[in-house]
Amino acid sequence: MEYKYQKKKQFRTTELEYKNTYRRQNEQSPAVLKVVESIFKKSFAIVGNEKYKLPEPESLFVEDFWQVSELQEIKASLNETKSKLNNYCFAEWHQHTSHRNKAKDVEWRVRKEFDPEFVTQAWCKFHEIVTKFSLVPRENIFANNNKLLSLHLCEAPGAFITCLNHWLKTNMPTVHWNWLAMTFNPYYEGNSNAKMISDDRFIMHTLNNWFFGKDNTGNLMTIENLEALIEKAKAKGKVNLITADGSVNCISNPGEQEGIVASLHFCEVLAAMHILEAGGNLLIKIFTVFEHQSICLIYLLSCVFKNIMFYKPVTSKEGNSETYMICWNFKGTEFLSAYLPKLVQEYGKNSSKAMFKKSDIPECFLQQIIACAKLFKNYQCEVIENNIAAYQSCRNNSEFENKKISKLVADKFLKDFPLQKLHMDLQIVGNMRLKKIKNNHWIVETPAESFNERKEKLDLKPAQRLLMFLDPLKSLEPVAKVFVFKPSDLHIDTCITLGKPYRRVSSSRFCATQIVDIYNLIFQVVDMESNLRLSLPTETAIAEYEHKLQQLYNTYKIIKFRYTEIYNNSQTILLIKTTLQTLQNGEHLILLGFLLLTQFNVGFIYLVSHMFENVEFAMDDNIGCSVIFKNFKKRELILNKVEQVYKIAENDTKNDNIILSVMSVTDIYEFKMLQSKILTNCLRQLSSQSIVPNICIVGAGPAGFYAAQQILKGLNNVKVDILERLPVPYGLVRFGVAPDHPEVKNVINTFDKIAKDARVQFLGNVNVGQDISVAELKEHYHAVLLTYGADDDKVLNIPGENLKNVVSARSFVGWYNGLPNNKNLNINLNTEDVVILGQGNVAIDIARILLSPIDKLKNTDITSHSLEQLSQSKVQRVWLVGRRGPLQAAFTIAELRELLKLDNCKTYWRPKDFEGIKEIVPQLVRPRKRLIELMLKSIDDAQTETKNHNKEFHPIFLRAPVQFVGSDSIEKVKLSVTQLHGEDFLKQTAKSTDEFEEIPCGLTFRSIGYKSRPIDPSVPFDTNSGRVLNTDGKIGNGLYAAGWVATGPVGVILSTMNNAYRVGSIINKEVDFTAPKAGCEEVKKILEHRNVSVISYQGWEKIDKEERQRGEKLGKPREKIVDISEMINIACS
C-alpha cells in the first residue's frame, strides 16, 4: 500500500505561517526575543579533533585519579547553588518550575498539532537533535543500499525510537530502517523499580526488537551481556547510528551525579565502539564534565570521532545538568583495535585508576572542557537562582511574560524543527493501541517532601520506614472479594524464558510499585528486628480458613505457601505438579499464601488453570488471597507441559539460571491479580504488632513547631504533644517579632497547620519543671525534646546596672509585644536621650520603635498600654553602641535599611569609625559587602542632606560600657574606647583602652543577648553559656534539645528552623519505640491530679478570636491579652 505525504507546498505554507507568527510577536517584544533566542543556543563544539591522539595502550589505567582545580571550583559553585533547593518540597518545587518552564508548551503543541506516536519530552528532545544536527548518517545509508540499522541503548520507554521512525518516514521515506534496543528488562523481577522506567507499553508490543542480554536482566554493564549484544547487533547488519540515553538514580547524592553515572557512560561508549560502523554517528546523554572519568571519556571520543558537539535541547529541563553529546563520523573499530582489549578489562567496573594520565591530555583540550563546563554551569545556576527568587517572593507579576515566552518558544521550535503528520499506519505500534493500555504501576508520584527530608527517610530503620507506608496504603482502592477467571479451550503455547536468579522480587508488572517496596520492607523488618517473628498467613489464620473451606467444599487439596518466605521456582513447580498428579476429576486445588507478583507465578497459574473449569481468587482479611482451582479435568497436554517446565527448571538451576516465565508477557498481560489487598493485610498484621511512638516537645515556639513538622514527615504513625508554659503558642514569633514586621509572623500559618494535624496535641499552661518533671515526661514518652528558648537576660556586671531606667532589651520587647511577665515593666520615656548597648537586630528593633512616628505603630498589634506610653515619649536621640567596628556589626542589611528610611529621623555616623574601611570592602563576601556599602552610602547622603529632622539616630562603634552613672536613676553611660585585635578582621575582638567618654541619657537598654534558664535539675545545664549541655541536639538517652536552648540565642528564625529540622531528623532515626508508652493520656491525668488547667489548641483559638475582635474595634490586627488568668478563663469558657 502506498501512503501520500503532505505536499511540499503545503508544508512550506505551514512553515511560513509559523515564521510570520513568530516574527509578528517578536516585533512586539524585542526584550522577550533575546530570552527566547538564548534558549536555542545552549551548545558547545569541541574543536581540534584532528590534532588529538590517543596515548600508547600500555599507558591506560595506570595513573591514580586526578583533578582539574578550575573544574572543581565550577563544581563547588554549582553544588552550592543546587543545595539551596534541599529544603524545598519536591512536589511544590516541581509544580513551580514546570509552570516557569519556558518550553512547557512545546510537547503540548506537538501532540495537539501532529499527534506523533508515543510523544514525550524525550521525543521532542530527539526530534530537535536529529533535525538540527543531521544525526542520521546519509552517506552511510546510501552506501549501504539505502538501509539504516540503529541501536538504542538504555532506551526505555522508547520515545527516541518512535521519533526516529517519524523523522525517517517524513524526511527519508525510501530508507529501509530496522532497529535494535537494549534497556533494563521491565519483566525481570530481580531489577528494582528505581532502575527502570515504569511505562512498558511500547516495549510490550515490540519485544522482538528488544535485547535484554544473555541473562535477561537488560543490564548493559556486564561483559557477558556486552558480548551477547555485539553478536546480536552484528547478526542484524551494519549499525550506523547509536543512541545512549542512560542515567542512574542519584537521589541520595545528587552532588556526585557525574561520578555515580560515569561507569554507565563508559559502558555505553565502549559498546558503541564495538558495534558502530565506520562513518556512523553516536548520540549520548551526559551530565556535568568536572571529573577525570568524563574528561577522559570525552577525550577518547574526540580522538575516534571527527566532530563532537555538546547541546542542551530546548525541551530539556533548564534547571538540571542534562546535556547531549553528538559524535559524528566514527573512525571505526579497526582504528581502536589496539585499545579495545585494555578498555574491555575495565568494563562494568569502577576502576581505581584514571583512563588516561593527566599529562597525556593536551592543555588546549582541557581548556575547552573548562569553558564548556562553565558555560552550562552558568546556564543552570541562572535558571535555579531565578526560580528560587520567584518561589520565595511568590511573584505572579511575570505570569503574562512567562506565557508569552512559552508560546514564542513553541512557535520557534516548530519553525526551526518542522514536523509533518505521519499516517497512523506508518507508526510502529500506533497511538490507538498504546493509549488502550492502562496500568497502576506507571503512576509515579512526585515526592511531597524536600531532598533533605527524603534523604533522612532513607536513613530510617526499616520498621520506621514501613510505618510511613501505612497512610498511603489505606488510600489504595479495595478490590472485589472474589475475582473469577474462566480459561478458554484454545491451544496453549508456552514461552519459557530463562535468566539470572534473584533472591527477592524487586519489581512487578502486576501491582503498583509501592506494593513491592512494602513487600521488601516487610522482609527487612523481619531480618533486622530481633523481637519480631512474622509468618504470613499465620498458622491461626490458615486453620480458621481451612474450617471455612470444609463447610464450602467436599473434596479439595491445599498447598500452603507463605508470603513471607522465599521459594525457588523448581520448588513451586514440584509442589503443584505432585499435587496435580494426585487429583481426581471434579476435585478442587487451593493455594494459600501464593504470591502473585511474578511472571512465573502468574504464568504458571494461567497454564494450570486450563485443567480446571475456572479459577477463583478469593480475598480474605486474614489469609490474603487464596487461589481456588475449581473442578479438575485431567488434560495430558497441560500435564506434559508442566512436566516439561519442571525438567527445564531442574536442569537450569544447575546452570545458574532460573525460569523467569512460562508464558509470553503479552499472553498474560490482561491476566492480572490485584495485590493491594494481599499486601495491605500483610502490612496490617505487621503494624498491629508495632507500637506508635509518643514524642513530647517542651516549648511551643518556632523550634518546637519546626521540630514537630520534621518528626511528622519522618514518622507517619506518631503522636506529638507540644507542652507550653503559657496558655498561648508561638513563643518568639508572638512575643519577640517587632509589631511593625507582620510579614515575619506569617510563619504562624505553618505552625497552625502543624498544630491542627490529627497526630499533634497542644498542652498550654503547663510549666515543665514545676507542674511536671522532665523525668516524668521521659517515663511516659519515647523521646522528649526541649525547645523552650531563651527567656532570661545576659548582664554586663558593671557598676550602676541596678539603677532605675537601666532596662533589658528582652523586657522592653516583651512589654510592647504583650508578654504577660513584662506587662508591668517600670520604664520612663520622659527623656530626650536613650543609649542602647548592643548592635544586633533586637537593638535595631528597639531604636526603630522609639524613633518611629506613633501613627506608624497604631495599626500594628503592639499592646495598647505600651502604645499609650510611647505616644507621650520625649525621646529625640538614640545612641546605638557597639564594642567592635562596622565590619563586625551584628545587625542585618534589611533591619538597617528600614531604620535609615524612617521619616523625620536623621542618621549621624562617626567618620572616624570608618577609617580604612573602603579599602577592605572589595575583599568582603557579598552580604557583608552590601551592608558596609549601605553604611558608607548613608554617610555620604548625610553630608549633603539639608533637611531638618526632629529625631536622630547615632550609631557608635569601638566603645564598651564600663559604668552606669546616676544617683537613683540613670544619668549617663561611661564608655571605654576599644581597639580591635586579630588578623581576620571579621573575627577581631575588642579590648578596652585607658581612654573614656560619656553619653548623657535618661534611659539605657542592655541588648547584649538572651540566655536560657535551667528547667529541671535532672537536665545538665551550662550556666556560663546559658544553654542546655548537648551534642548535636542530643542530651542523653531519649532526651534532646533544639533552638536557642540548645545553641544559645544565635541567628534568625531560619537558623532555628534548620537546627530544629536536624534534631527532628535525629529523633526520627534514633527513637526507640519497641516498648509501649502512655504519652499524653497519662500526662493529662498527672496534671489534672495537680490541678493544672491545661489549655488545648481549641482553647487558644478562643483566645485568638477574642484578641482579633478586640483589635478590630481599635483598628488593629489584634489586641493581645496580657493577663494569664484572663486567658485561661476565655480558653475554658
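These are my notebook entries on what I looked up in the structure above.

**Entry 1: the model**

I began by noting that this is a predicted model, in which local features need pLDDT of at least 70 and side-chain atom pairs count only at pLDDT 80 or more, while totals for chains, interfaces and linings use all residues. Residues are numbered from 1 along each chain as its sequence is written, and side-chain values use heavy atoms, with hydrogens and water left out.

**Entry 2: the chain as a whole**

I looked up the secondary structure and found 42 helices and 33 strands in the protein chain; these are DSSP runs numbered from the N terminus, helices being H or I of at least four residues and strands E of at least two. Of the 1133 residues, 56% count as buried, where buried means under 20% relative accessible area, exposed means over 50%, and partly exposed lies in between, using a 1.4 Å probe and protein chains only. The chain exposes about 50500 Å², of which carbon and sulfur atoms supply 49%; such areas come from the Shrake-Rupley method with a 1.4 Å probe, and for residues only the protein chains shown count as cover. I also looked at contacts (heavy atoms within 4.5 Å), and among those between residues at least 6 apart in sequence, 81% join residues at least 24 apart.

**Entry 3: the seven-stranded sheet**

I traced an open sheet of seven strands in the order β1-β6-β7-β5-β4-β2-β3, with mixed pairing; two strands pair if DSSP finds at least two bridges between them. At the edges I found β1 (43–46) and β3 (176–182), each of which pairs on one side only. From one strand to the next the twist averages 15°, with axes taken as lines fitted to C-alpha atoms (for helices over the stretch in contact) and angles running from 0 to 180 degrees between N-to-C directions. Strand β2 (residues 147–153) runs parallel to β3, and seven bridges join the two; I noted Leu151 and its bridge partner in β3, Leu180. Helix α12 (residues 292–304) lies across β1, β5 (276–286), β6 (305–311) and β7 (323–330), and it runs at about 135° to β6.

**Entry 4: the nonpolar cores**

Which residues have the most contacts inside the largest nonpolar core? I found that they are Leu300, Phe310 and Leu343, in a core of 76 residues; a nonpolar core is a set of buried Ala, Val, Leu, Ile, Met, Phe, Trp, Tyr and Cys residues joined through side-chain atoms within 4.5 Å. Helix α11 (residues 257–275) gives the largest share of this core, ten residues. Leaving aside residues up to four places away in sequence, Leu300 touches Leu54, Val269, Met273, Leu336, Leu343, Met355 and Phe356. A second, separate core has 59 residues, among them Ala103, Ala159, Met204 and Phe413.

**Entry 5: positions from the UniProt record**

I looked up the UniProt record, an unreviewed entry, and it places the feature "active site" at Lys285; its positions are given in the numbering used here, feature names are shortened, and annotations may be inferred rather than shown by experiment. Not counting residues up to four places away in sequence, Lys285 touches Ala244, Asp245, Gly246, Ser247, His265, Glu322, Thr323 and Tyr324.

The record, again as an unreviewed entry, places the feature "binding site" at Gly158, Trp177 and Asp245. Gly158 lies in the loop between β2 and α8 (159–171), and at 0% relative accessibility Gly158 counts as buried. Its contacts, with residues up to four places away in sequence not counted, are Phe118 and Phe202. Trp177 is found in strand β3 and is buried, with a relative accessible area of 17%.

Strand β26 (residues 972–981) pairs with β27 over nine bridges in the antiparallel sense, and Lys972 stands opposite Pro1000 in β27.

I ended with helix α23 (residues 599–608), which is mostly covered, with ten of its ten residues buried; among them are Phe600, Tyr606 and Leu607.
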